[in-house]
Amino acid sequence: MSKTTKTGSLVDAKKMSAELFTLTYGAFVTQMLKDYEDPQVVTAKLDKIGFDMGTVLADDFLAKSANVPRCQDCKQIAEVLSKLAIPNYLGVPATVSNWSSGDREFSLIIESNPLTELVEIPDHLKATLNYSQVIAGAIRGALEALHFKVYAVAVENASNTEIRIKLDSILKDSLPAGEDY
Amino acid sequence: MAGIPFDLLHSQIVKYAKEMEEKRAEAKNRWKEIAESIVDSTEIDKYDQLVKQAFMHSNAETQLESMGYRVGFVLAERLSKDAAKFNTELEIVKFICKEFWSNVFGKQVDNLRTNHAGVYVVQDNNFSMLRTFSDSTQFTKDIGIYLAFPSGVIRGALACLNVQAIVTATVESLPVVKYHLQLAKKA
């Protein structure tokens, strides 16, 4: 509500260091690993947290990009995610590859994932903890807000992060009975 | 990256810390019940996990503050590596208020006062980590927990520059935040 009074003020969000985000996320994951001890539970939690963030990000994205047309198929989703949404919120570009199951499944490759900068994942966690699952969760949350049900999982490769996305179904608007639009 | 995504992450972390506090309180209550009914001491081993949770003495604010401490420590380390040598305590506090503040919170502080006896009052008239709240006095009661993390960041940064301090924050009306830095006397 008060946002209008704040624009043009001294706070420039871009200037806040990306390292702050990276380190904060790192400290958070560390804390969760301490609290839960099971890396798989932590991965699931990260997915849920990403989901919640994603639903809000979808709102923000739509508000700021009025001229992006409605996605009709998976190709377009991949295009918008890799060229607009991810560079916008993560600060780095992503490339689309590995199409399969009749263009319903693809990978987003993030070359220099800011989340994993300054981070070294211990060997005993590598197999069970998906450190960047929060990104996958955010994509799932954002797309679900736009009525695309997808499955997303983040995999840490040697030199990049791969987000595997599979389109499950397009959700139908379920309006309360008796309401017409 | 550091704008909306950070705000969302921060609020998720706060939410998480609150949930964990509730869980610990619950564990404490459950342990109380169990402890009274236990007769054989070997049974205690079964409740290892519960006991651990119940005896963890930290509330949500402490947890957030300690996360902030880690973050602030590392950030200050990275930002200060090219800075000129600090000769006085005041120079360190000035570094925190200028370079560190603008890198981490997006702007410099608006006012810095000191009593020259180890107490500094830092005022930021538009604190970036609270920008998701509307400007008013409406939420000042609930905002405390959102200040735990940034307070930890500042304390961590000071600790990195070899200054031990107690950092507390006060809010009278958003978005103005005042930080009181009470520095420990050098032995």
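Q: A salt bridge is a side-chain nitrogen of Lys or Arg within 4 Å of a carboxyl oxygen of Asp or Glu. How many salt bridges are counted between chain A and chain B?
A: The count is 2 salt bridges between chain A and chain B. In one of them, Lys15(B) joins Asp52(A), with the closest N and O atoms 3.3 Å apart. This is a predicted model, in which local features need pLDDT of at least 70 and side-chain atom pairs count only at pLDDT 80 or more, while totals for chains, interfaces and linings use all residues. Residues are numbered from 1 along each chain as its sequence is written, chains are lettered from A and ligands numbered from 1 in the order in which they are written, and side-chain values use heavy atoms, without hydrogens and water.

Q: How many residues does the contact take from each chain?
A: With contact meaning heavy atoms within 4.5 Å, chain A gives 40 residues and chain B gives 43 residues. Helix α2(A) supplies the largest share of the chain A side, 14 residues.

Q: In what order do the strands of the chain A sheet stand?
A: Strands are DSSP runs of E, at least two residues long, and helices are runs of H or I, at least four, numbered from the N terminus; strands pair if DSSP finds at least two bridges between them. Here 4 strands of chain A form an open antiparallel sheet, β1-β2-β4-β3. Strands β1 (94-100) and β3 (148-156) of chain A stand at the edges with a single partner strand each, so one side of each lacks a neighbour in the sheet.

Q: How many bridges join β3(A) to β4 of chain A?
A: The two antiparallel strands are joined by 9 bridges, β4 spanning residues 161-170 of chain A. Tyr151(A) stands opposite Lys166(A) in β4(A).
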